[in-house]
Amino acid sequence: MHNNGAHDLSKTTKKMNYVTTVGFNTDFGGRGFEHPASLAIRDDGVIFVASRGKRTSKQTIGIQRVSKNHEFFGKIGSYGLGELGQMVWPTCVTLDLDNNLFLADEFLNRITIFDPDGEPVKYWGEKGSAPGQFDQPSGLLVRGETILVVDSKNNRIQEYNLDGGYISQWGEEGVGPGQFSLPWGICEDSHGYIYIADWRNDRIQKFTSKGEFVESFGESGSSEGKFNRPSDVAVDTEGNIIVTDWANQRLQILDREGNFLIEERGKGGLNPWAEEYFEAQQDEKEARASFVPVFDTDVDDPSEISARIEPYFWDPVSVELDSDDNIYITESNRHRFQVFEFCEGN
Amino acid sequence: MTTVDYSKDVSLLAHLLRRASFGPTPDEMDYAVEVGYDNILKEFLNPKEADLVPHDMIRRYHVAQSDLRNQGAAYWIYRMLMTKSPLREKMTLFWHRIFATGWAKLIQHRPILNQIDMFRTHGMGKFDDLLIELSKDPSMIMWLDNQDNHGHNINENYGREILELFSMGVGNYTEDDIKETARAFTGWRVVNPEYMSIKMRNNTARPYGYMSWQFEYDDEDHDKGLKTILGQTGNWNGEDAVRIICEQEGTAKYLARHLYHYFVEDELPVPQWPHEPPRNPEAIDLMVQSYFDNDHSIKAVLGTMFTADFFKDIPARYARIKSPAEMVVGALRLAGPIELPSMDLLAAEDACTNMGQALLNPPSVEGWQGGTEWVSTGAYVQRVNFVSKVLSDPDKIGLRNIIDKIKEKASSSNLTHTQLVDFCLDILGPLDVMDSTKSSLNKYISRYPDLSWSDKSGSDSFDEAVVSLIQLIVSSIEYQNA
Amino acid sequence: MKDKKLVVIQLSGGNDYLNCVIPYNNSNYIDNRPNVRINENEVIPIDSNIGLNPVMQPMKDLYDQNKVAILHGVGYPVPNRSHFRSMDIWHTAEPTKVGTEGWLGNAINQMYPKHDNVVAAVNFGAGLPRALVAHGAPVAAVTDLDSYGFLNHINEENNRLDALSAFKDMYAQAIGTGPVMDYLRQTGLDALKGADILSTVTSEYSSDIEYSMDNSFSKAMKGAAQVLQADIGTRICYTQHGSFDAHTNGIALQEGLLKHVMGGIRDFYDDMKAANKSDDVIMFVFSEFGRRVKDNGNGTDHGSGGVAFVIGDSVKGGQYSEYPSLKYEDLLEGDLRFNLDFRSVYSEILEDWLGVDAIPVVKGAYEKVGFLT
C-alpha cells in the first residue's frame, strides 16, 4: 500500500493552496475540453485552452475560451487537415504582447496565428528538419518581438520573428549539456533565462537568452527533485522553478538553485459545470454523494494511480502562471485544469 | 530420446512458430534454426523480462491512448506486434478467449487491459493463482456483477461462470455448488461500487473522464457461514473455493482441452464438450497428468503439450483456422515494426473487429468459439484484403528484409518463376501448399516475364513481383490455417 | 414472402425522441427542456399534440400518404443507458443476458438453411453489426459497391484482375483435402460469387432519381436501392448513421443528422417507387435509446424509451402505442417508460414480412403491433 498524498513540508514555509478546477469532459463540442494540451492566460482573464480531442470527438478539437470563474466564451479554430485556422494535434498555445494567439500543431507541423478576435491570420511551417521546418513542434515562448519554438523531434529550439520569419536555431539530440531528447515545454524567468523541459532526459535545462547552456536540474527518478518525463516548466517572480513532472503525475517546485521545495499530486474537485451536469442526472448525483476517493492503491504505476484517484493530476501536460503567480496545471486525461497558489502559511 | 533430429526441422519449427508465436518472420525462423526446437521452446516458456514498451512515447504522442479509455485493442495489438515473448502474448489471447471480458458493458478499456496485464504476469503460472487474481480483477467483478454479490443476498453470476466457463465446464458441479461458490465470493468487490456502477451503466465520462477500478474485500459483506463446495465443507472464502476447484480432475481436463483446442487442433465448439469426447483423449490425459504432477503449473502443461508427438506430428500441422488476431498480428509482424504514433494500429484494431474478433469486446461471456466460426463470406473478404494490403508495400522494413533474403539465396541476380514461388513459400514459413495452389502461383507470376535485379528498373520490377506473389500466397486457403 | 425485403436504418448514439417526434404543447416538455427544445411554431404538426422535427418534412409527406408507422415508446424492461450494451440488446434481442446471435443473422439462417444465397444480406459499412451475425449466415459488408470484393486495395485495374483471376484459379482447383479445407474453399468461392454478383449491380442500375445529399448515409441508401432493384436475392440491407449522442450542441447536431436521414429515406423510397418495387420493401428505423427528459444546459444525456419508424407502401400509416407520460412521477429515473417492447416489433417484421419464425429469435411470444397491411 502506498500513501501518495504525503508532502514533505520541512524545506519551505510556503504551501500549496488549492483554488479551483476548471473544465468538463465533452466529446461533441460545447462547454468543456477533451485532452487539453496547453493554456494561455490573457491579461483580462480570458484563458485559451487547446483541446486535442481524438478522432471520434473532432467537434471538441480547437481552442476553448474560458475564465477562472467558469465562464465559457466559445471555441476558436476547428479540426481539419490544413486550411487556415484548422488543426489536428494541437500541442501549445501562447500569446504575444498584442494578444495575438500562437498555436503549435504537431500533426500539421505548423504554427498558426490568430488575431485578438480569434480570427486565423496566417500559418507557417511544414514537416522537415531544415530551418523553417518542424518535426512535431511542442512548446512555444514569445519574447518581445520573437518566438521560440521547441521543435521536439528535431531536438532543437528555433527562433522566429512574429511573422514566422526564421532567425536562428540551437540544440541537438543527446544527453549532454545543451543537448535534448524530445524536449517539450519552455518558459523564461524575469531575468530572461530560458528553461526547457528536456522530456526524455528527465531534466530541466536552463539557458541564457542566447541559448547558451547555464545549468541543469534533476535526473531520472521519482523521489524529491527527480523527474520522470517532465512536460513543462514555469518560473515565478521569486525564481522558483515549477515543473509538471508528467510521468510521476505530480507538480514539483524547486527553488532557484534547484533545491526541492514541495510537491503536489492534485486536489481537483467539482465545479459549477459539473454541478449543473449532476443536477440533470439525479441517479448519478445520488451515487456521487456516497463517493469517496480512496488514496491507498495496490499498484505502483503513477498513471494507473491517477486513473483511479479523480482529484489527482492525470497526465499534467502544461503549467502556466497568471500575473499573480497563481499556478495553472492542465491535465490531459482529466479534461480540466487545476489552479493553485503557492503562498505563505502552514 | 537423446537424438534431436527434429530440432532443426524447418517445417516443424515453422509449425511451432505458427502456434507458440504469430507465425514465423524470416528473422525469427533463422534464430529458431540456429538454436533448435527445444531451446526456442524453453525461451518461449521462460520469458526473461517484461517486454519494453515505450509507454511514454505512446502516451505523449498517441494521446487518444494515454487514458486507454478506448483504442485499447490497438494498444494490445502493438504489444503483440513488438513482443519478444510471443508465447506469453499468445497466452494473454488464450485467457481473453476464455475469461472473455468486454468493454461493451464495462465502457472503458483500461481495466480490461489491466486484466490482460494480469494474464501476462500469471498466465503461465499456477492455475490457482490465476483464478484468484481473476476473482479479484475489477473488470471481471464488474463484468459478472460480483459487486452485487452480498452476504445477505447473493448474486450467483460469478459463482456460476467460474465453474461453468472458467474452470471445469458443465456436468462437473451442481446448482448448489454454484450458490455455495457465490457465497464464498461475497464481499469481493470494487472500491466505490455504487458510483462506479452507475458511471458504467450510464456510459459517462463526465465530469472528468473515467476512473479505473480497484479491488476491495469487504469483510462485513462476506457470508461467514459454512459452505459445501464440490463435497468439501468449511468456512470457505474465495481463496478456498479456488483451491477446491483447482484440485478437481474436471478442471484439469477442461483446461487441457482448451489448450489443445487453442494450440494443437480445432475442437468442437465448447458448448458441445460435455456431450462429445475430445478429439484426442490420450493427449488430454497426458496434459491432465502433467497438471497434477507439476502443482497445477500451466507452464508445465504447455511444455508437455509442445514436446509431445501429438503436437509435433504431421496431422496437427495446419489443423487450426487462424483467429483474426493471429491473421492481423502475423501480417503486421511480417511487414515489420511500426513507428508510433500510427494509424496502422487503428486499422489493425478495426480489421480484427471486421473479421469477427473485436478484441476486448467478445460477443458474449462465452468468448469466441474459434474453428470454422471464424470464417464467413464477409469475414473471408476482410481476412484476405487486410493481410494482402499490409503486405503490399516493398519499402516496409519486413518486406524489404524478405526481398533481400530472397536475393541472397539466388546464385546470380535473377530467378526463374518456379524458383521465386518456391523461395517465397519458403520464406513465409515454410508454408506447405497443395500442388494446385503452387501451379496457380506459377501461372500468376509469369505475368512478370523478367525476374532479374541487376539494374534499378529491374530491381523495382522484381520488388513488385515479390510483393504481388506474397499477396496472393497470403490469400490462399492454406494461409488461413495455422 | 421470398420477395419481401427489409432495410434497417440504425440511428446510432441515441436519437432524442422528444425532439424528433415532439409533444410540442405538453407543459412537461416545455418545462424540462428550457434550453434544448423545438418551439411550437417550428414544429411540423401531425396532430393537435404531436409534431415532427422541422427537418422531417420528407417524412411528413410520406406520413400524409399513410406510408409511415410511428411506433411510440419503444424499449425493453430494465433499460440500459450504455450505448454499447443497449445496442447489443437491440441486436441480439436479449435484454437480460449477453446474447450470442444477431436477430437478423438468425432470420437469414432460417430463410436459407443451406446458406445457398450468398448475398442474402448486405451491410453498408465495414464489418458486420452484431444484428447480422449468426454462424454460417452469409452476409456481405460493403463500404463501396464499386470496389467491393477481394484484393480491392490493388488500384491498377489490370493488376487487380490478374490477381483476382489467379485467386479464383487457386480456389477452384483446391479439391478434396478434408472438411475444414472444403469449408474454407467453399466460403472463399461463395464470397467470390457474392462479390461477382454485387459487382454487376451498379452497372445495371439506372434511375431517374437523383440522391439529393452527398453524405455516407445517402450513399448507403443508394447502394441499398441498387442492390434491391437488381433482384440478386438480397433480402436485408443494413446501414447506420450517427452519432446522435448529443450531450452538447443538442438541437443542431440532431437536426443535421436527421436531415441526412430524411433525404436518404425519401430518395430511396422514390427510387424504389419509380422502379415499381416499393410494395416489396419496408424500412425500419430505430435507435438504441431515447434521451433524458430534462436537458443538461445545451444537450441531453442518455435515456430510455424511444421512437421507431416503419416506412413503406405495405405499411399501415399512423401512430402506434402511445407517447409515454412526461409527468415527473411517471418517469423512470428521469427517463420515459417504454410501453412497446421492441421484440413485438421484431416479431411482426420477422413473421409477417420475412416469413420466419420469431419465437427462436426473440425467445418468446410477443403481441404484434399491426403496422403491416
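I take two strands as paired if DSSP finds at least two bridges between them. Strands (E, at least two residues) and helices (H or I, at least four) are DSSP runs, numbered from the N terminus.

I note that this is a predicted model, in which local features need pLDDT of at least 70 and side-chain atom pairs count only at pLDDT 80 or more, while totals for chains, interfaces and linings use all residues. Residues are numbered from 1 along each chain as its sequence is written, chains are lettered from A and ligands numbered from 1 in the order in which they are written, and side-chain values use heavy atoms, with hydrogens and water left out.

**Entry 1: sheets of chain A**

I looked up the pairing of strand S20 (residues 194–198) with strand S21 (residues 203–207) in chain A and found five bridges, with the strands running antiparallel. Within this pair, Asp198(A) has Arg203(A) of S21(A) as its bridge partner.

I then traced the sheet around this pair: four strands of chain A, in the order S19-S20-S21-S22, form an open sheet with antiparallel pairing. Strand S19 (186–188) and strand S22 (213–217) of chain A each have a single partner strand, so one side of each is left without a neighbour in the sheet. Neighbouring strands here are turned by 20° against each other on average, direction ignored; the axes are lines fitted to C-alpha atoms (for helices over the stretch in contact), and angles run from 0 to 180 degrees between N-to-C directions.

I recorded another open sheet in chain A, with four strands in the order S13-S14-S15-S16 and antiparallel pairing. Its edges are strand S13 (137–143) and strand S16 (166–170) of chain A, each with a single partner strand, so one side of each lacks a neighbour in the sheet. The twist from one strand to the next averages 20°. Five bridges connect S13(A) with strand S14 (residues 146–151) of chain A in the antiparallel sense, and Leu140(A) stands opposite Val149(A) in S14(A).

**Entry 2: chain C against chain B**

I counted contacts (heavy atoms within 4.5 Å): 50 residues of chain C touch 47 residues of chain B. The two chains bury about 4100 Å² between them, 62% of it on carbon and sulfur atoms; buried area is the accessible area (1.4 Å probe) that two parts lose on being put together, summed over both. In chain C, His153(C), Met170(C) and Leu184(C) lose the most area to chain B, together 15% of what that side buries.

I found three salt bridges between chain C and chain B, taking a salt bridge as a side-chain nitrogen of Lys or Arg within 4 Å of a carboxyl oxygen of Asp or Glu. One of them joins Asp169(C) to Lys443(B), the closest N and O atoms being 3.2 Å apart. Helix H3 (83–92), strand S7 (139–142), helix H5 (157–173) and helix H6 (179–204) of chain C each supply at least two residues of the side that touches chain B. H5(C) gives the most to that side, with 10 residues.

**Entry 3: chain B against chain A**

I repeated the contact count here: 39 residues of chain B are in contact with 55 residues of chain A. The area buried between chain B and chain A is about 4000 Å², of which carbon and sulfur atoms give 48%.

I found eight salt bridges across this interface. Among them, Arg206(B) pairs with Asp27(A), with the closest N and O atoms 3.4 Å apart. Helix H4 (55–61), helix H8 (110–122), helix H13 (193–201) and helix H20 (343–354) of chain B each supply at least two residues of the side that touches chain A.
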